[in-house]
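Reader: I would like to learn how to read the packing and surface of a helical model. Could you take me through it feature by feature?

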Amino acid sequence: MLMGVGTALAWSAVGLIIGTVDPTQTQSVVFGAFYASLFLALTGTLSIIGFVLRVAFLRQQLVVSRHVAVSFRQAIMLALLIIVSLFLQSRSLLTWWNALLIVAAITMLEFFFISAKVRPGG
């Protein structure tokens, strides 16, 4: 529930920035606030969607806290992919090959988290 409220506030901030700021006459701090609030909004939204889908499709396989942790981690990575892509596109630097490199890096990071095992006592 708390994540839902935070997500709604983040989407409100995104809407406020889009509705009130002229991108041609603003400072870079406003762009930073926009990207930060969009990152938080996307993370919250994707995390909630991922959690609901995990609970619906993987009912008895994992405990609920594990569903939340995995959904949150994957939402952060997907939101980061979107934000970095949008930033590169705003600078006219997004090409298919660097987008592919970003996706590959995030995929390898996810494989690292999947393969990492928690050892007892450390």
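Author: What follows is a short tour of cores, a surface patch and a backbone angle.

Author: The model is predicted, and local features need pLDDT of at least 70, side-chain atom pairs count only at pLDDT 80 or more, while totals for chains, interfaces and linings use all residues. Residues are numbered from 1 along each chain as its sequence is written, and side-chain values use heavy atoms, with hydrogens and water left out.

Reader: Which residues form the largest nonpolar core?

Author: In soluble globular proteins, nonpolar side chains tend to be buried together. A nonpolar core here is a set of buried Ala, Val, Leu, Ile, Met, Phe, Trp, Tyr and Cys residues joined through side-chain atoms within 4.5 Å. Buried means under 20% relative accessible area, exposed over 50%, and partly exposed in between, using a 1.4 Å probe and protein chains only. The largest core has 10 residues: A10, V14, I17, F34, Y35, L38, A41, L42, A79 and I83. The elements giving two or more residues to this core are α1, α2 and α3, and α2 gives the most, with 5 residues. A second, separate core of 5 residues includes M77, L88, I102 and I106.

Reader: Is L38 buried or exposed?

Author: L38 counts as buried because its relative accessibility is 8%. This residue lies in helix α2; helices are DSSP runs of H or I with at least four residues, numbered from the N terminus. Contact means heavy atoms within 4.5 Å. Setting aside residues up to four places away in sequence, L38 touches W11, V14, I83 and L86.

Reader: Which residues form the nonpolar patch on the surface?

Author: Patches are made of residues with over 30% relative accessible area and no salt bridge, and nonpolar side chains (Val, Leu, Ile, Met, Phe, Trp, Tyr) are joined within 5 Å. A salt bridge is a side-chain nitrogen of Lys or Arg within 4 Å of a carboxyl oxygen of Asp or Glu. Here M3, I48, V52, F72 and I76 form the patch, with about 370 Å² of accessible area together, by the Shrake-Rupley method with a 1.4 Å probe. Helices α2 (28–57) and α3 (64–90) each supply at least two of its residues. M3 is found in α1 (residues 2–20) and is partly exposed, at 33% relative accessible area.

Reader: What is the phi of S92?

Author: Most residues other than glycine have a negative phi. Phi of S92 is near 60°, a positive value. S92 sits in the loop between α3 and α4 (96–115) and counts as exposed, at 66% relative accessibility.

Conventions
Patches are made of residues with over 30% relative accessible area and no salt bridge: like charges are joined within 9 Å, nonpolar side chains (Val, Leu, Ile, Met, Phe, Trp, Tyr) within 5 Å.
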